[in-house]
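Below are some notes to read alongside the coordinates, in the order I would go through them myself.

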Amino acid sequence: MADSATASESPAIDHHLPSAVLATVLSHLDIRSLVFASTTCRAFRTCASQALSFLPTFHLLDFALTVDFLRPLLMDNPCLRSIWMDCSRLDDEAIKFIAKPSLNELYLVNCENLSGNILSELGTRCPDLRTLTLNSLAGCKGVPISFSDLEQFLIGCSELESLSLPELDFSVFDWPNFHHIWSLASQKLSCLEIGYIPMIMLSQILTLAVEAQNPQTRIAKAPLFPSLQKLCLSVDYITDNLVGSISEALPQLTHLDLQDAPWVDPTPLSDLTNAGLQLINRHGKLKHVSLIRSQEFMFTSFKRVSDLGLLLMAQTCSNLESISLGGFSRVTDAGFRAVIHSCSRLCKLRVSHGNQLTDLVFHDISATSLSLTHVSLKWCNLLTDMGVKRLSFNKDLNVLDLRECRLLSDEAISALSLLPKLQVLLLDGTGVTDIGLSYLGQGSSPLKSLSLRGCKRLTNSCVELLLAGEVKSSLQTLDLSKIHNLTDEAVISLARSHVKITELRLRECTHIGDSSIMALASMMVEGGTHGSSLHLLDLYECGGITPLAFRWFKKPYFPRLRSLGVTGCLNRDMVDALARSRPFLRVSCRGEELGTAVWGASSDWCRQEEDNLDELEQFLLEGEEMIEEDDDANDGDDVEFIEG
């Protein structure tokens with residue numbers, strides 16, 4: 001009784017340390033540490049808010065804050081220039097804290113619950129905004145967005161240089177004056193990335209841009225997109241007329257990324273042909289080209305483009321540094337070789353669904369001056385080990401995507417294991433076996449990310465063989481999803497290896513069960529605590545996991561975990577309780593993919609995750625005692641201190 005009374009009457013930390021001392025200490029921490037510190041007690045919350053009020057940047061993407069967390073952190077900062085944030089737990093109430101008049105850069109992901117009101121507010125309150133990215137804006141059903149929101153934004157942000165609204169369907173802006181409002185956009189706009197836009201709306205914009213270049217109308221009309229260098233968008237059909245219009249309307253263009261997803265087979269007048277590819281670089285400035293025909297709605301391709309089309313494009317695009325081609329089913333080795341041999345500066349090559357691409361494409365690649373760093377050959381089903389061995393003569397390879405190249409086997413992996421700069425390797429659906437992984441494990445490649453999803457010939461031994469060599473010291477991300485031969489034995493081998501892995505995907509491994517969770521939770525990594533290295537763990541549809549395993553997701557286990565994928569029907573009450581008890585842990589139950597994809601939709605071919613260990617987290621993981629909360633810390637809020 002006496003002990004409990006004494007504990008309840010313990011003075012707050014600011015009774016022992018002056019607020020000035022606390023503020024000085026916290027001023028040396030990074031953003032993540034300050035956010036964690038602000039959840040401990042009232043004194044830390046006040047000092048953290050004061051420290052944040054002088055910082056020019058607020059970059060926090062690895063977990064999502066609520067409005068209650070965000071309000072004291074951003075409210076009083078007149079110096080804020082850049083915000084990067086995950087908005088999955090925010091709605092329009094947060095806009096007033098985000099839209100700072102001092103903002104130059106705003107990068108928000110998972111904006112499903114934010115309405116178009118954020119655009120109008122930015123236009124009203126942020127005249128100096130230079131860069132805006134809003135992923136999945138108004139993605140949830142019923143969240144409104146209107147033409148007036150976009151209009152106010154374009155009028156107000158007169159200094160805008162980059163606008164990215166991927167996944168946004170621009171048909172919601174269908175308005176008679178839609179194309180005219182772009183004449184009000186910033187003359188400095190150099191990058192424009194949008195989601196789907198109807199062909200009629202796009203044609204009207206391009207026509208207006210061409211008219212503005214006419215000497216007879218130039219005085220009456222301001223130029224449209226005079227500085228635009230990068231254009232990324234999705235349309236109904238990629239056609240000759242569209243490619244020619246873009247080339248004519250945008251003379252400064254250096255980066256063109258077009259994607260379509262036809263509902264029905266295009267007619268000759270609504271398709272891309274050899275003639276259209278000849279028009280793609282009318283001004284000779286293109287360095288990056290991406291033309292993708294998606295298979296989302298039906299199996300179709302660019303049936304009217306042959307080797308001649310790529311030959312004509314290669315002649316006019318000899319300065320290309322990256323090219324991405326998807327769905328060119330009639331193009332053979334001759335067409336792809338024309339690109340490789342004509343574009344001496346090419347460093348990024350991406351071909352998907354290259355039905356006629358064979359080993360001959362890389363037959364004499366060693367005789368060229370190419371220095372390829374990023375190569376993706378997904379769904380190139382005729383590629384064999386011999387072609388990959390030829391490709392491996394290119395010693396600068398950093399990222400290699402060979403997903404669904406089903407003829408590949410261990411012989412190809414043996415050649416790749418000797419690449420001195422290879423960091424990312426995707427082998428989903430290939431014929432690799434345990435022997436191939438032993439080559440990787442003993443090889444000299446500094447692999448950071450390896451994906452083996454759906455490699456049916458792998459067994460439990462693959463993990464031990466992979467981690468027996470030097471690759472153990474560099475590997476951070478491992479995807480073993482959909483390998484039905486894997487059992488708990490494989491995960492136990494991984495835990496025993498003490499590899500410092502940050503992302504582990506085991507989705508749809510039906511024999512993975514509770515023993516795997518126990519092993520991962522108890523895994524000791526040098527310099528850390530139990531399971532301390534894992535940031536992401538995907539266990540969706542792992543058939544052997546029971547509700548009993550959820551006890552291992554409580555503190556002190558998995559202290560750095562940020563994303564967890566589980567089956568929602570396992571025990572919904574326990575899943576919800578876990579999400580509530582760990583406010584900085586994102587629990588996904590609907591089968592969505594976790595984390596950032598390796599291959600982006602545009603120029604971001606590969607995005608590596610940085611080491612997110614911050615100063616405060618390191619302090620805690622080294623075993624120091626946590627600061628106790630004072631009784632009035634959270635005014636009744638039941639918030640845990642740290643999950644880092």
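1. Confidence first. Please keep in mind that this is a predicted model. The protein chain has a mean pLDDT of 86, and 86% of its residues reach 70 or more. Two stretches need care: pLDDT stays under 50 over residues 1-11, and it also stays under 50 over residues 606-644. For residues 1-11 the model has 2 contacts beyond four places in sequence, while for residues 606-644 it has 100 such contacts. Where pLDDT is low, the predicted coordinates should not be read in detail.

2. Salt bridges, starting with a local one. How many salt bridges does a search of the whole structure find? The count is 22. One of them pairs Arg71 with Asp68, with the closest N and O atoms 3.3 Å apart. Both residues belong to helix H6 (residues 67-74), where they sit 3 residues apart, about one turn of the helix. Asp68 is exposed at 57% relative accessibility, whereas Arg71 has a relative accessible area of 25% and is partly exposed.

3. A bridge between a loop and a helix. The side chains of Arg282 and Glu248 form a salt bridge at 3.8 Å, N to O. Arg282 is in the loop between helix H13 (274-278) and strand E9 (288-293), and Glu248 is in helix H12 (residues 240-249), so this pair ties together parts 34 residues apart in sequence. Are these two residues buried or partly exposed? Arg282 is partly exposed, with 43% relative accessibility, and Glu248 is partly exposed too, with a relative accessible area of 35%.

4. Another link across the sequence. Asp364 and Arg337 meet through their side chains in a salt bridge of 3.0 Å, N to O. This pair links distant parts of the chain, 27 residues apart: Asp364 lies in the loop between strand E11 (348-352) and strand E12 (374-376), and Arg337 lies in helix H15 (residues 333-342). Asp364 is partly exposed at 24% relative accessibility, and Arg337 is partly exposed with a value of 24%. There is also a network to look at: salt bridges with shared partners join Arg453, Asp479, Arg507, Asp538 and Glu593.

5. Aromatic pairs. The structure holds 13 aromatic pairs. In one of them, the ring centres of Phe170 and Phe173 are 5.1 Å apart and the planes are at 80 degrees, so the pair is edge-to-face. Phe170 and Phe173 are both buried. Phe550 and Phe553 are buried. Going back to the Phe170 region, one aromatic cluster is formed by Phe170, Phe173, Phe178, Trp182 and Phe225.

6. Helix packing. Which angle and axis distance describe the packing of helix H11 and H12? Helix H11 (residues 199-213) packs with H12 at about 35 degrees, and the axes are 9 Å apart. The crossing of these two helices, H11 and H12, is left-handed. On the H11 side the residues involved are Met199, Leu202, Leu206, Ala209, Val210 and Gln213, and they meet Leu242, Ser245, Ile246, Glu248 and Ala249 of H12.

How values were computed:
Residues are numbered from 1 along each chain as its sequence is written. Side-chain values use heavy atoms; hydrogens and water are left out. pLDDT is the predictor's confidence in each residue, from 0 to 100. Contact means heavy atoms within 4.5 Å. A salt bridge is a side-chain nitrogen of Lys or Arg within 4 Å of a carboxyl oxygen of Asp or Glu. Helices (H or I, at least four residues) and strands (E, at least two) are DSSP runs, numbered from the N terminus. Buried means under 20% relative accessible area, exposed over 50%, partly exposed in between (1.4 Å probe, protein chains only). Rings of Phe, Tyr and Trp (its six-membered ring) pair if their centres lie within 6.5 Å; planes under 30 degrees apart count as stacked, over 60 as edge-to-face and the rest as tilted. Axes are lines fitted to C-alpha atoms, for helices over the stretch in contact, and angles run from 0 to 180 degrees between N-to-C directions. A crossing is left-handed if the near helix is turned anticlockwise from the far one by less than a right angle, and right-handed if clockwise.
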